[in-house]
Amino acid sequence: MSNSLTSVPDEHLVQASLRGEVEAFAELSRRYRDHYTRFAVRMVGNRDDAEDVLQSAFIRAYRALARCREPDRFGAWLYQIVANECRTFVVRHARREKRLARDQLAIQAIAVEPEFDDGDTLADVQHALLQLDVEQREAFLMKHVEQLSYEEIAEITGDGISALKMRVKRACARLREILEEVHDV
Amino acid sequence: MSEHPRENDDVFAERVASVLRAPERFDDDFERSLVDAIHSDRPIDRSTEPRRGALSFAWWSTPRRMDVSPVMALALAASIAAVAALGASNLAPARIAATTPSIVAQAASAPDTVTLVRFVFVGPAKSVSLVGDFNAWGADATPLHSTGVKGAWTVSVPVPSGRHEYAFIVDGARWVPDPYAPTSSDDFDTKSSVLMVGT
């Protein structure tokens, strides 16, 4: 990593990247990668796919860099691409997820569950999250996990605030239903 | 969950979210892989330099032609009328398969860096949307409109010059590349169509 780049503003790194300086884009990646890793992992459900999705999103961003109209807001623009890439991945892999979900239900049916402790485990909650439709999952993660405002979410997703509020509300209701079922088994 | 008294949504959401906030990180191999992928990819597309003015208006002010076959003209009457109002003119042959779901992307050349491209999907569907690098792969960003002729959907999109990848999402879930266009596979072996504009 080039220490000389760490204090360079985003817009200068974007311009350098457009001139073909790949290391400048790598610095942008280092700068924002951690912000989006957790979101991607939660959206797609595992680290391996999340890493592939993020790589794909960052490469798409590099290819489309000339279309970043506000280079000083590169992070927000990149978030849009990451969110879309995650959403696209989920849509593309819906069939596979359904198959895995069926497999998991079969495993649960035959497994001897240990006693539940008082809290929800990450695996429980992630499993429940993956059963939400992609828009509810995205809205819940952005609002409650990434703690974005509805205005920020609207900017990233292009959706209206009232629709986003409804998605979050429905996501909460569905998550509650799923987790209650799991814990009552 | 049954051990907790019924919580209101905010308390419930916070408790669930606090679990999901567990950090996730990738190490610096991420950038090494990214740089390798970029080096092995084509060079950045410089034909899409930042545009002067808003994309959505860039092509309105430039002369352009739209090539559409008589069959397509019938199928796309409604949308052609809209395009004609914006100044499109000449009609010429284009390709379309009548018996199978088919998709046609037609580029209308323009002297600017932005070209109006008509995307057409023909096949059974309740909804169709266009996703591509030019709309950040937004599944809701570019819906196609039914032409009024059964099974024909269309949308015209201003696209910058250069190489682009796109596909259609049918009924909100089915990923459909253009069977008549070259395809490109991503890391997940999912095929997208390739469109060259202005080159």
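**Entry 1: a term before I start.** Two strands count as paired when DSSP finds at least two bridges between them. The model is a predicted one, and I keep that in mind throughout.

**Entry 2: the two chains.** I began by looking up the secondary structure. Chain A has nine helices and zero strands. Read from the N terminus, its elements go α-α-α-α-α-α-α-α-α. Chain B has five helices and 10 strands.

Next I looked up burial. In chain A, 42% of the 185 residues are buried. In chain B, 37% of the 199 residues count as buried.

I also looked at how far apart in sequence the contacting residues are. For chain A, 68% of the contacts with a separation of 6 or more join residues 24 or more positions apart. For chain B, 64% of the contacts between residues at least 6 apart in sequence join residues at least 24 apart.

**Entry 3: strand β7 of chain B.** Which strands does β7(B) pair with? I found β3(B), β10(B) and β8(B) as partners.

- With β3(B), residues 128-132, the pairing is antiparallel over five bridges. B:V128 has B:V170 of β7(B) as its bridge partner.
- With β10(B), residues 191-197, there are five bridges, and the two strands run antiparallel. Here B:H164 sits opposite B:L195.
- With β8(B), residues 174-176, the pairing is antiparallel over three bridges. B:I169 has B:W175 as its bridge partner in β8(B).

The hairpin of β7(B) and β8(B) has three residues between the strands. One of its residues, B:D171, takes a positive phi near 55°.

Then I checked burial along the strand. Strand β7(B) covers residues 162-170, and eight of its nine residues are buried, so the strand is largely enclosed by the rest of the structure.

**Entry 4: strand β2 of chain B.** I moved on to residues 114-122. Nine of the nine residues in β2(B) are buried. In a regular strand the side chains alternate between the two faces of the sheet.

Strand β2(B) pairs with β6(B), residues 152-160, in the antiparallel sense over nine bridges. In that pairing, B:R118 stands opposite B:S156.

**Entry 5: helix α3 of chain A.** This helix takes in residues 47-63, which makes 17 residues. From its first C-alpha to its last it reaches 24 Å, close to the 24 Å expected at 1.5 Å a residue.

Its buried residues include A:A50, A:E51, A:V53, A:L54, A:F58 and A:Y62. A:R60 and A:R63 are buried as well. What covers the buried residues of α3(A)? From chain A, the cover includes α1 (10-18), α2 and α4 (74-92). From chain B, it includes α2.

**Entry 6: the nonpolar core.** I looked up the largest nonpolar core and found 85 residues in it. A:A40, A:V44, A:V82 and A:C86 have the most contacts inside it. Helix α2 of chain A, residues 22-44, gives the largest share, 11 residues. At least three residues come from each of domain 1 (1-92) and domain 2 (94-185) of chain A.

Leaving out residues up to four places away in sequence, A:V44 touches A:D49, A:A50, A:V53, A:C86, A:F89 and A:V90. Two of these names, A:A50 and A:V53, were already on my page as buried residues of α3(A).

**Entry 7: where the chains meet.** How many residues does each chain bring to the contact? Chain B brings 47 and chain A brings 52. On the chain B side, α1 (9-20) and α2 (29-40) each supply at least two residues. That side of chain B divides into 26 nonpolar, six polar and 15 charged residues.

Entry 8: A:Q147 has a positive phi, near 60°, although it is not a glycine. It lies in the loop between α7 (134-145) and α8 (150-157) of chain A. Is A:Q147 buried or exposed? It counts as exposed, because it has 10 C-beta neighbours inside 10 Å and the cut-off for exposed is 12 or fewer.

How values were computed
Residues numbered from 1 in each chain as written. Chains lettered and ligands numbered in written order. Predicted model: local features only at pLDDT ≥ 70, side-chain atom pairs only at ≥ 80, totals over all residues. Core = buried A, V, L, I, M, F, W, Y, C linked by C-beta atoms within 7 Å. Buried ≥ 20, exposed ≤ 12 C-beta atoms within 10 Å, placed from the backbone. Helix = DSSP H or I, 4+ residues; strand = E, 2+ residues; numbered from the N terminus. Domains from an automatic or database assignment. Contact = placed C-beta atoms within 7 Å. Nonpolar A, V, L, I, M, F, W, Y, C, P; charged D, E, K, R; others polar. Expected span 1.5 Å × (residues − 1).
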